[in-house]
Amino acid sequence: MAISLFDLFKVGIGPSSSHTVGPMRAAQLFAQRLSNDGLLEQVVRVRSELFGSLGATGKGHGSGPAVLLGLEGHAPDLVDPQLVKPRAEEIGETGLLLLLGSQRIQFNPEQDLIFHRNESLPFHPNGMSFTAYDAAGQVTCQKLYYSVGGGFVAGEETVESGQIQADPTPLVHDYKSAKRLLEICAETGLSIAEVTLENEKQWRSEEEIRSGILSLWDVMQQCVRAGISNDGILPGGLKVRRRAAAWHRDLKNRNRMDLITPSLGAMDWVNLYALAVNEENAAGGRIVTAPTNGAAGIIPAVLHYYVNFCPNSDEDGIVRFFLAASAIGFLFKANASISGAEVGCQGEVGSACAMAAAGLAEAVGATPEQVENAAEIGMEHNLGLTCDPVGGLVQVPCIERNAMAAMKAINAASMAMRGDGYHFVSLDKVIKTMRDTGRDMLDKYKETSRGGLAVNVIEC
């Protein structure tokens, strides 16, 4: 299974890669399918149904507006985030939807956009069905899609065959385990970042890869700037107050030595960077999946730490950071999951923490063994982490959880750099353990808001 760095890191919108980005992509794919099959002009009605985790928490995660905008032909990486909510409201008020931007159809959200809170489709918790009807009420097309985490979307055929997001591109250095990755590094003398770069060249030139990575970094920086510029209350019924802007003003007005202790000064800034990103995500802003939206603040926070607090940081280090982080992300995607609906938050925040730890270690000159060790430490201490968003919103505990994981990633990289790369538990064993733990985890702890804080906070 070949996955590009630019598949793991994608520009989209908040608040969720699996519940917002994925459904928008799936709806757009369905509308485009109608056009490709010559059916678009026959369609007078489309019915969308969301199942499993999408049905349970989709309303709080913005799945409804995402589906509507996707049916109209919008893509998550190009749509104006400020357009989504007003346009969805307009569709609801007028009862009219422009299928793929051209075919005007009747659309009643109460009848045509259904959230099945207690019903799931086979193969994956994030299932969706789309059905198109003609003027006689006959079904002209019906398709199932699955949002499998990180904005990845699979059709029913690929899910049934077990080849989700399969890409036939042959890689220069093919590996499916961290053990094999380290063997390749030893055989070739390449770093983990360099191995990834050679593989990425199968899709793009080195110049395009570098430019694309720096463009992703630019979006991450814009997200932080937006997060520290906006006060107010986050959308949804919890009335969660945005904190990043006030924190930023406070930190700018204080000397870095005037904090809890001088040695912890950077921690306040790392927390700020993560909060800024995840508050923007919760508000539906422009986000880079890293590898998901729910965990989108960890890698940007650690990257900002590298740029602002690590001596000799430069653009080459940023590029190496992304390349090494994506190598670790591939392993999680191929051997376990990055979907909170499938394995809990350990698959989102845990994998992002491991990726950030590996990226930071690579950027500051770690050996391949130290990079793998950093990723292992980052993931090992997120095992069992549940996904229990209060009110079905990506706010509590998600926003603070990103800040905590960013600090954990930095510590993991630091611990790995103090050693020689030898460690007792391998990254492969930790990834397998995460997968097994996810399988054992009750569904109420997998992005359904039926367990953990999601119920206890409300009860209190």
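Buried means under 20% relative accessible area, exposed means over 50%, and partly exposed lies in between, with a 1.4 Å probe and protein chains only. Keep that in mind for the whole talk.

The model is predicted: local features need pLDDT of at least 70, side-chain atom pairs count only at pLDDT 80 or more, and totals for chains, interfaces and linings use all residues. Residues are numbered from 1 along each chain as its sequence is written, and side-chain values use heavy atoms, with hydrogens and water left out.

Let's start with aromatic rings. Rings of Phe, Tyr and Trp (its six-membered ring) pair if their centres lie within 6.5 Å; planes under 30 degrees apart are stacked, over 60 edge-to-face, and the rest tilted. How many aromatic pairs does this rule give? The count is six.

Take phenylalanine 9 and phenylalanine 322. Their rings pair edge-to-face, 5.1 Å centre to centre, with 70° between the planes. Phenylalanine 9 sits in the loop between helix H1 (5-8) and strand E1 (11-13), and phenylalanine 322 in helix H14 (residues 315-335), so this pair ties together parts that are 313 residues apart in sequence. Helices (H or I, at least four residues) and strands (E, at least two) are DSSP runs, numbered from the N terminus. Buried or exposed, these two, phenylalanine 9 and phenylalanine 322? Both are buried.

Next, phenylalanine 130 and tyrosine 145. This pair is edge-to-face as well: 5.9 Å between centres, 70° between planes. Phenylalanine 130 belongs to strand E6 (residues 127-133) and tyrosine 145 to strand E7 (residues 139-149), so the pair ties together parts that are 15 residues apart in sequence. Phenylalanine 130 has 0% relative accessibility, so it counts as buried. Tyrosine 145 is buried too, at 8%.

Now charges over rings. The rule: NZ of Lys or CZ of Arg is within 6 Å of the ring centre and within 35 degrees of the ring normal. Arginine 45 has its charged end over the ring of tyrosine 133, 5.0 Å from the centre. Lysine 333 does this with phenylalanine 152, at 4.1 Å from the ring centre.

On to salt bridges. Side chains of opposite charge can pair when their charged atoms come close. Here the cut-off is a side-chain nitrogen of Lys or Arg within 4 Å of a carboxyl oxygen of Asp or Glu. By this rule there are 21 salt bridges.

One of them joins arginine 401 and aspartate 388, at 3.9 Å from N to O. Arginine 401 is in helix H18 (residues 398-418) and aspartate 388 in the loop between helix H17 (368-380) and H18, so the pair ties together parts that are 13 residues apart in sequence. Both arginine 401 and aspartate 388 are buried. There is also a network: salt bridges with shared partners link Glu72, Arg87 and Glu90.

Arginine 180 and glutamate 187 form another salt bridge, 3.0 Å from N to O. Arginine 180 is partly exposed at 29%. Glutamate 187 is exposed at 56%. Lysine 176 bridges to aspartate 174, with the closest N and O atoms 3.7 Å apart. Lysine 176 is exposed at 52%; aspartate 174 is partly exposed at 44%.

Last stop: asparagine 281. It lies in helix H12 (residues 265-282). Its relative accessible area is 0%, so asparagine 281 is buried. What does asparagine 281 touch, not counting residues up to four places away in sequence? Contact means heavy atoms within 4.5 Å. Asparagine 281 touches Gly14, Pro15, Ser16, Ile287, Asn293 and Val394.
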